[in-house]
Amino acid sequence: MNTKTYDLASLNLKSLSGLAQTFCQVSNGMNGKSYGLEFLGIKNPGRIYRNLSVPQLVEHTLARGEGVLGNNGALFVRTGKYTGRSPKDKFIVDEPSIHDEIDWNSVNVPLSVEKFDRIYKRMLAYIQSKDLYIFDGYVGADSRYQLSVRVINELAWQNLFSHQLFIRPTAEELKNHYSDITVIAVPGFQGDPDIDGINSEAFIILNLAKRIVLIGGSQYAGEIKKSVFSFMNYLMTKRNVLPMHCAANMDEKGNTALFFGLSGTGKTTLSADRTRRLIGDDEHGWSEQGIFNFEGGCYAKTIRLSKKNEPQIWDALRFGALIENVIFDEESRVPNYDDDSLTENTRAAYPVEFIPNCVIPGVGGHPKTVIFLTADAFGVLPPIAKLTNRQAMYHFMSGYTSKLAGTERGVTQPEATFSSCFGKPFLPLSPTIYAEMLYERIIQHDADVYLVNTGWTGGPFGVGRRIEIKDTRAMVAAAINGELNHVKFHHHPIFQILVPEAVPGVNSAILDPEKTWSDRVAYEQHARALARRFVENFKQFHRVPLEIMEAAPCME
């Protein structure tokens with residue numbers, strides 16, 4: 001069958017999606033089917049494998065020497081040089097149709113159309129004769145807002161990652177699948193900073209206008225997941241859906257809770273609760289109908305994982321799960337989750353169904369409790385505090401936490417950071433857009449908002465200790481179950497937030513952070529220093545209502 005070759009730069013990928021749907025099984029490639037790849041400009045590939053089963057993908061990974069099986073049945077792989085996201089290597093194509101919408105900043109860095117086209121053409125040349133793996137599936141558990149996604153990989157294990165992280169189609173849905181968002185991830189293809197206008201051999205390029213992502217130079221699979229999330233953060237706002245970097249769960253009565261926070265703050269651990277049903281661990285939308293998961297899987301940090309503290313995650317690491325950068329015994333294949341010699345950012349990917357009593361499909365009602373998670377490296381924030389609606393807006397826009405070691409390339413010690421909406425690296429639009437949407441929903445549905453510190457107490461990192469997970473779980477449970485509605489609160493003199501005087505099941509001595517420090521003067525100095533950081537960071541936001549500005553901590 002003769003096929004026409006299209007110039008990608010001249011195509012709108014919405015029309016491209018229709019073409020791919022119509023010609024999803026055009027003759028081409030060594031196995032006789034191209035599944036519409038020619039409309040992306042992919043010519044003369046090797047064998048093309050589409051939506052292989054989990055056992056098939058595991059077999060391919062083992063046969064190609066990309067990974068090994070652990071004693072728990074999970075597939076163990078290493079991601080090489082890049083063991084975390086590389087934010088300095090992410091770009092957005094600066095197309096005229098989207099230029100005025102994007103919040104151009106240090107994480108939303110423009111790349112010209114010409115440079116995108118140059119990199120893409122070289123990537124196409126690299127792909128020729130190479131075997132490719134395709135995953136066709138969906139993002140968005142609510143069918144009213146669902147988008148189709150296609151991920152094209154050169155590595156079998158990365159295709160397993162895509163299979164487990166996104167929403168898997170039925171056989172009938174696969175017959176007529178086309179892509180709203182296309183990701184091409186070929187780590188073996190490296191960029192050239194001298195000719196491509198990028199910063200290293202790695203690149204993650206989002207072309208929002210054409211709905212395509214190019215990933216090269218890095219094997220870290222999290223780049224695939226977060227690129228699609230960035231697309232959802234752009235597209236969902238146009239449909240009056242608030243995209244959120246948060247986990248979600250519900251009780252048996254359907255009462256929903258949200259857990260906002262950056263990687264390493266406890267979203268996955270705290271949302272995987274035996275007493276509640278998991279909706280999702282990382283990415284959700286809040287529509288007029290309620291909450292829905294963007295994904296079909298979980299991507300949990302495994303450093304110092306224990307069966308005692310994270311029993312559901314521990315049990316999920318079995319055949320079908322994919323484990324990145326965890327050291328294991330070569331003979332017994334027993335993993336050592338305490339070993340951080342490769343990275344602190346060890347990870348496991350598995351389908352949400354591996355968590356008992358999960359919610360399928362991943363939808364829930366409007367939440368009554370919203371948790372902001374932060375890992376405070378200074379050790380000055382209380383382990384739990386209630387926020388007024390105005391304070392909720394302030395802290396959501398601030399997004400304070402500590403960037404934990406290994407989460408991003410080059411981070412070896414915790415660093416204080418402010419990440420708007422607890423997800424600035426993934427927000428193409430201004431943070432005020434997302435914050436206003438959250439504010440409206442909190443008020444409309446009368447949701448309680450709490451700030452929970454999963455970081456340090458008794459002193460800063462290196463002096464104090466990490467707050468115990470059992471205490472954090474008890475505080476979160478008390479907030480969600482309404483038990484904190486019956487206790488007294490006092491205003492923190494510096495951060496102005498409301499600190500409970502008692503929490504059921506928790507030693508009251510840890511609730512007031514100042515009392516956990518041996519040196520009260522040192523505590524106040526560190527707390528005032530963090531307060532000044534809050535205020536300084538918030539200067540980036542303009543035209544913010546006075547009542548929101550007044551929710552800031554006291555510097556003096």
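**Aromatic pairs in a predicted model**

Mentor: Ring pairs join Tyr 394, Tyr 400, Phe 418, Phe 495, Phe 534, Phe 538 and Phe 541 into a cluster. This is a predicted model, in which local features need pLDDT of at least 70 and side-chain atom pairs count only at pLDDT 80 or more, while totals for chains, interfaces and linings use all residues. Residues are numbered from 1 along each chain as its sequence is written, and side-chain values use heavy atoms, with hydrogens and water left out.

Trainee: Why is the pair of Phe 418 and Phe 534 called edge-to-face?

Mentor: Rings of Phe, Tyr and Trp (its six-membered ring) pair if their centres lie within 6.5 Å, and planes under 30 degrees apart count as stacked, over 60 as edge-to-face and the rest as tilted. The centres of Phe 418 and Phe 534 are 5.1 Å apart and their planes stand at 80 degrees, so the pair is edge-to-face.

Trainee: What makes Phe 260 count as buried?

Mentor: Buried means under 20% relative accessible area, exposed over 50%, and partly exposed in between, with a 1.4 Å probe and protein chains only. Phe 260 has 0% relative accessibility, so Phe 260 counts as buried, and Phe 372, also at 0%, counts as buried.

Trainee: Why is Lys 226 said to lie over the face of Phe 426?

Mentor: A charge sits over a ring if NZ of Lys or CZ of Arg is within 6 Å of the ring centre and within 35 degrees of the ring normal. Lys 226 lies over the face of Phe 426 at 4.7 Å from the ring centre, and the charged end of Arg 466 sits over the ring of Trp 456, 4.9 Å from its centre.
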